[in-house]
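Me: I have just opened this one and would like to go through it slowly. Could you walk me through it?
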Amino acid sequence: MFWTACGISFTTACLRAVLPESEYVLRAREVERYGGTDTSKKTKAFIKDVKEMLKQHWALCIYAILLMAGFNFPSHGSQDLYPTYLEATKGFTPHDATIARRGY
């Protein structure tokens, strides 16, 4: 397993050294050089980009937020109900159910 990971890393490093940069990376470097290192400019540009993204994709953002909330509700509910399940069906004490939930 170790040698496989080393081989993949070595192959990737060789390819990275031999292949030229993509056009996208070269353009991003030019923008970085043009923008300088002033973080306030970068922050303002980021906020501007986020506003534009929200104007164009507001429905997708709402959908993603609701989807992730939907994924979180069952997982939190199951975590909260697991100690109760252990107490009611397996006869655990409240202390033992808490320990089992934490995985100690």
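This is a predicted model: local features need pLDDT of at least 70, side-chain atom pairs count only at pLDDT 80 or more; totals for chains, interfaces and linings use all residues.

Me: Okay, what secondary structure does the protein chain have?
Reply: The protein chain comes to 4 helices and 0 strands, and read from the N terminus its elements run α-α-α-α. One of these helices is H3, which covers residues 39–90.

Me: And what radius of gyration does the protein chain have, next to a compact globule of 104 residues?
Reply: The protein chain has a radius of gyration of 25 Å, whereas a compact globule of 104 residues would be near 13 Å. Along the principal axes, the C-alpha atoms fill a box of roughly 65 × 50 × 25 Å.

Me: How much of the protein chain is buried, then?
Reply: Buried residues make up 3% of the 104 residues. The protein chain exposes about 9500 Å², and carbon and sulfur atoms supply 67% of that area.

Me: Switching to charges, how many positive and negative side chains are there?
Reply: There are 13 positive and 10 negative side chains in the protein chain, and the centres of the two sets lie 4 Å apart.

Me: Which of the charged side chains are linked in a network of salt bridges?
Reply: The structure holds 3 salt bridges, and Arg 16, Glu 21 and Arg 29 are linked in a network of them. Glu 21 meets Arg 16 at 2.7 Å, N to O, and Glu 21 also meets Arg 29 at 3.3 Å, again N to O.

Me: Is Glu 21 buried or partly exposed?
Reply: Glu 21 counts as partly exposed, because its relative accessibility is 25% and buried would mean under 20%. Arg 29 also counts as partly exposed, at 40% relative accessibility.

Me: What does Glu 52 form a salt bridge with?
Reply: Glu 52 forms a salt bridge with Lys 55, and their closest N and O atoms are 3.9 Å apart. Both residues lie in helix H3, 3 residues apart, which is about one turn of the helix.

Me: Where is Leu 54, and how far is its C-alpha atom from that of Glu 30?
Reply: Leu 54 has its place in helix H3, and it is partly exposed, with a relative accessible area of 40%. The C-alpha atoms of Leu 54 and Glu 30 are separated by 26 Å, the two residues being 24 residues apart along the chain.

Me: Last topic: which residues form a nonpolar patch on the surface?
Reply: Leu 60, Tyr 63, Leu 67, Met 68 and Phe 71 form a nonpolar patch there, and together they have about 540 Å² of accessible area.

Me: Where does Met 68 lie, and how exposed is it?
Reply: Met 68 lies in helix H3 and is partly exposed, with a relative accessible area of 46%. That value is over the 30% relative accessible area asked of patch residues, so Met 68 can be counted in the patch.

Note on methods:
Residues are numbered from 1 along each chain as its sequence is written. Side-chain values use heavy atoms; hydrogens and water are left out. Patches are made of residues with over 30% relative accessible area and no salt bridge: like charges are joined within 9 Å, nonpolar side chains (Val, Leu, Ile, Met, Phe, Trp, Tyr) within 5 Å. Accessible areas come from the Shrake-Rupley method with a 1.4 Å probe; for residues, only the protein chains shown count as cover. A salt bridge is a side-chain nitrogen of Lys or Arg within 4 Å of a carboxyl oxygen of Asp or Glu. Helices (H or I, at least four residues) and strands (E, at least two) are DSSP runs, numbered from the N terminus. Buried means under 20% relative accessible area, exposed over 50%, partly exposed in between (1.4 Å probe, protein chains only). The radius of gyration is taken over C-alpha atoms; the globule rule is 2.2 Å times the number of residues to the power 0.38. Lys and Arg count as positive and Asp and Glu as negative; His and the chain ends are not counted. The place of a charge is taken as NZ of Lys, CZ of Arg, CG of Asp or CD of Glu.
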